[in-house]
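Hi everyone, thanks for coming.

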Amino acid sequence: MAVSTCIKCGGHGVELSLLTPIGESRKLTLVQCAQCGTPVGLVDSGTGPQIEALRREVAAIDEKLSRIARALLE
């Protein structure tokens, strides 16, 4: 499977950032390279909270799997 790569710096991670366009009052959710900040795309503002909720769920699952792995190693 191919790994996504930033066209500018070669980084492999992305992050979400809030952006207010010039002359606008509403914020947009920008997807950008986590290393250099190069914009990769925009996310519909309604999905930002959903993505954050999913990120928290994945982090909780990861923590539980880590606890299981530590318990198995004991």
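I'll go through the sheet, then a few single residues, then a pocket. Before that, please keep in mind that this is a predicted model.

Let's begin with the sheet. Three strands make up an open sheet, ordered β1-β2-β3, with antiparallel pairing. Which strands stand at the edges? They are β1, residues 14-19, and β3, and since each has a single partner strand, one side of each is left without a neighbour in the sheet. On average, neighbouring strands here are turned by 30 degrees against each other, with direction ignored.

Now the pairings one by one. β1 and β2 run antiparallel and are joined by six bridges. To find your way along that pairing, look for E15, which stands opposite Q32 in β2, and for S17, which is opposite L30 in β2.

On to the other pairing. Strand β2 covers residues 28-33 and strand β3 covers residues 39-43, and four bridges hold the two in an antiparallel pair. Here L30 turns up again, this time opposite L42 in β3, while V31 faces G41 in β3.

How covered is β2? Mostly covered: six of its six residues are buried. Let me pick out Q32, which sits in strand β2. With a relative accessibility of 14%, Q32 falls under the 20% cut-off and therefore counts as buried. Setting aside neighbours within four places in sequence, Q32 is in contact with G13, V14, E15, S17, G37, T38, P39 and V40.

T38 lies in the loop between β2 and β3. Is T38 buried or exposed? Its relative accessibility is 17%, so T38 counts as buried. Beyond its neighbours within four places in sequence, T38 is in contact with C6, K8, V31, Q32 and C33.

Let's move over to the loop between β1 and β2, where I'd like to show you P21 and G23. P21 is partly exposed, at a relative accessible area of 25%. Leaving out neighbours within four places in sequence, the contacts of P21 are R26 and L28. G23, on the other hand, has 79% relative accessibility and so counts as exposed. How far is G23 from C6 in space? They are 29 Å apart, C-alpha to C-alpha, with a separation of 17 residues in sequence.

Last stop, the pocket. The largest pocket holds about 160 Å³ of space. Its lining includes S4, T5, C6 and I7, along with G11, H12, G13 and V14. Also in the lining are C33, T38, P39 and V40. So that brings T38 back into the story: T38 is one of the lining residues, and C6, another name on the list, is among the contacts of T38. What is the make-up of the lining? Six of the residues are nonpolar, six are polar and none is charged.

Conventions. Residues numbered from 1 in each chain as written. Predicted model: local features only at pLDDT ≥ 70, side-chain atom pairs only at ≥ 80, totals over all residues. Heavy atoms only, no water. Pairing = 2+ DSSP bridges. Axes fitted to C-alpha atoms, helices over the stretch in contact; angles between N-to-C directions. Buried < 20%, exposed > 50% of the residue type's maximum accessible area, 1.4 Å probe, protein only. Contact = heavy atoms within 4.5 Å. 1 Å grid on protein atoms, 1.4 Å probe; cavity = no way out; pocket = protein on both sides within 12 Å on 5 of 7 lines; lining within 4 Å. Points joined across faces, edges and corners; volume = space filled by probe spheres on them. Nonpolar A, V, L, I, M, F, W, Y, C, P; charged D, E, K, R; others polar.
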